[in-house]
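Trainee: I would like to learn how to read strand pairing and ring contacts in a model. Please take me through them.

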Amino acid sequence: MDCRESALLVSVLLLALDLCSAQNYVLSDDGGLGRVFDGIGGLSGGGATSRLLVSYAEPYRSQVLDFLFKPNFGASLHILKVEIGGDAQTTDGTEPSHMHYENDENYYRGYEWWLMKEAKKRNPNITLIGLPWAFPGWVGHGKNWPYDYPDVTATYVVNWILGAKQYHDLDIQYVGIWNERSFDNKYIKVLRNMLDKVGLPGVGIIAADGDWSVANSMILDPYLNNSVDVIGAHYPGTTTITEALKTQKKLWSSEDYSTFNNEVGGGCWARILNQNYVNGQMTATISWNLVASYYEDLPFGRDGLMTAEEPWSGNYVVESPIWITAHTTQFTQPGWTYLQTVGHLAQGGSYIALTDGKGNLTVVIETMTHNHSVCIRPPLPPFNVTSQNATFQLKGSFASIKELQVWRSQFDFKTSKASFFEKLKPLKLVDGLFTLNLAEDEVYTLTTISTGSKGSYPDPPPSAPFPKVYKDDFDVRSPPFSEAPYFADQTGVFEYYINLTDPGPHVFTLRQVLTERPITWATDADQTISVIGDYYWQNLTVTCDVFMEKMNAGGVFIAARVDKGGQSIRSAKGVFFWVFADGTYKVTNDLVGETVLAEGQSGTEVYGWYTLSLTVKGQYASGSLNGYPLWKNAVVLTPKAGWAAIGTRSFELAQFDNFALVAE
């Protein structure tokens, strides 16, 4: 025997040893099937997470949408869940309501209508879901709680569903119930009854879009049980509770992920997409959020499936969660069924298998290690994953399958040379058997479906900071969206407005339209505020024309170096230059107006236009009114940097025009 023959013999022996040491797993439908698969989705809202996407120029905006929704291209999402705007801060900003006031209806505000239509254009079969995170103040009749008047709240929600169909030809399949604290359960029954009465019996109710606790009530209350179609939990940690399983309802992770979208975020997503079913029998998982399209320095920056936060440059980034999603979405569809033979791998990791009932089979395997798959919440108990050989035996109706398409993602946390959604050579099966050598931190898809593809476009433009010189006169006669580009409302709603009473230069303006505090679980400020620009700006000049509409107590401001937003907006600091309808001005170091840097007489009145200008440079700030210095050299020690902003003293009507900024 020569050396080559010896080497060959050793290789054969090693292969035989590998096969002998492989753990065996059976994939079969002989004993029946598991639960019906409902899909994987993304969540726009909760709140204002897609705010910057609408301002992208073409073709980049459409490219982002293709990576999210286009079948067999990128994430190929099955579900789009959107916020039913409630005029309130709900994490990263406010989204406008279709009913600011009880006698007001407008089904063109905001951008969620547009987003749903774009998703539907790419995937006509996509499932659409609406959920109100907040409500206009009138719904609560003076209380910060929307369920004391269930008929009012139900009418508000049902109007949104009807408006989606009437004005946008969008069929909403499910509506969520806001907040796990919403139960005396009466509202759910009222909503179900109202949906049925207006001809929407097919719109399912997801409860409680919070935790599993509604299951206990459903077991005790048959009418409630019949009213709920899906029990939806947020961030369930891949587990459910016995009571939820007893209801025999669909179980969804109706909000999950919420993790920075680097490779650890991709690992989190890979693990929970499999294990939400393996551990918790959840048949749908929805990512908060769909796309990180809000200023990154707001709370939970880059917690989306991909990143599109620079409409001014056109840059976007297709992050790893897009391709992890594709491992399941491109090779399954809602209506497929999980096999009962799913589970954990012997050396860590998990596998799922689904079938369309027509002979097709898709198997998804993940071997994510603990430290490389930590989600933002809940805490992840320790576990171990090591490299392993795994042999899968296809039985039942799958025994005759001879070949499987193979797609693989390999995370690489040492060299940062990961490869995602790579198509490998088809795998030939012998007697229904195949063996994989699984390394740590990998995802495999093995499938009979041959239509998968890794879509691509030429690289978008390079990343660039917000322009240092920027202006907007809001002179848009038919705006495509109700909000002005790049402004991110943090409390209040700032909309394009046609001022028909002004024959002069201020016909087209931006107007803060709320006069009542909305109902929200988050923390709105007592003042309204919309931020814009670069969070790292230090020295800049902000100029804007302002118009107060509230007698006596009215007031407006422009600001620089605003250091907080989102849920933290109440504690925002910066340099705020206020003028008031009582003829005074004030300069404060905080949004709440407690730390006063300067104050005095301004002569400002209601129903008059004034030009405010604020310059901050180093430790000093100065301001002018109508081109004349009003105050100067106020000492500003902190914050050192932040956004520009406009806003009002309270929830009050006010207008803004000819906004401009120049940063150094």
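**Strands and rings**

Mentor: Trp407 stands opposite Thr445 in β22. This is a predicted model, in which local features need pLDDT of at least 70, side-chain atom pairs count only at pLDDT 80 or more, and totals for chains, interfaces and linings use all residues. Residues are numbered from 1 along each chain as its sequence is written, and side-chain values use heavy atoms, with hydrogens and water left out.

Trainee: Which strands does β19 join by bridges?

Mentor: Strands (E, at least two residues) are DSSP runs numbered from the N terminus, and two of them pair if DSSP finds at least two bridges between them. Six bridges connect β19 to β20 (residues 419-428), antiparallel; Glu403 has Lys428 as its bridge partner there. Another strand, β22 (residues 442-447), also runs antiparallel to β19, with six bridges.

Trainee: Is β19 mostly covered or uncovered?

Mentor: Buried means under 20% relative accessible area, exposed over 50%, and partly exposed in between (1.4 Å probe, protein chains only). In β19 (residues 403-410), six of the eight residues are buried.

Trainee: How many aromatic pairs are found in the whole structure?

Mentor: Rings of Phe, Tyr and Trp (its six-membered ring) pair if their centres lie within 6.5 Å; planes under 30 degrees apart count as stacked, over 60 as edge-to-face and the rest as tilted. The search finds 50 pairs. Among them, Trp288 and Phe300 are edge-to-face, 5.7 Å centre to centre with 85° between the planes. Trp288 is buried at 3% relative accessible area, whereas Phe300 is partly exposed at 27%.

Methods
Helix = DSSP H or I, 4+ residues; strand = E, 2+ residues; numbered from the N terminus.
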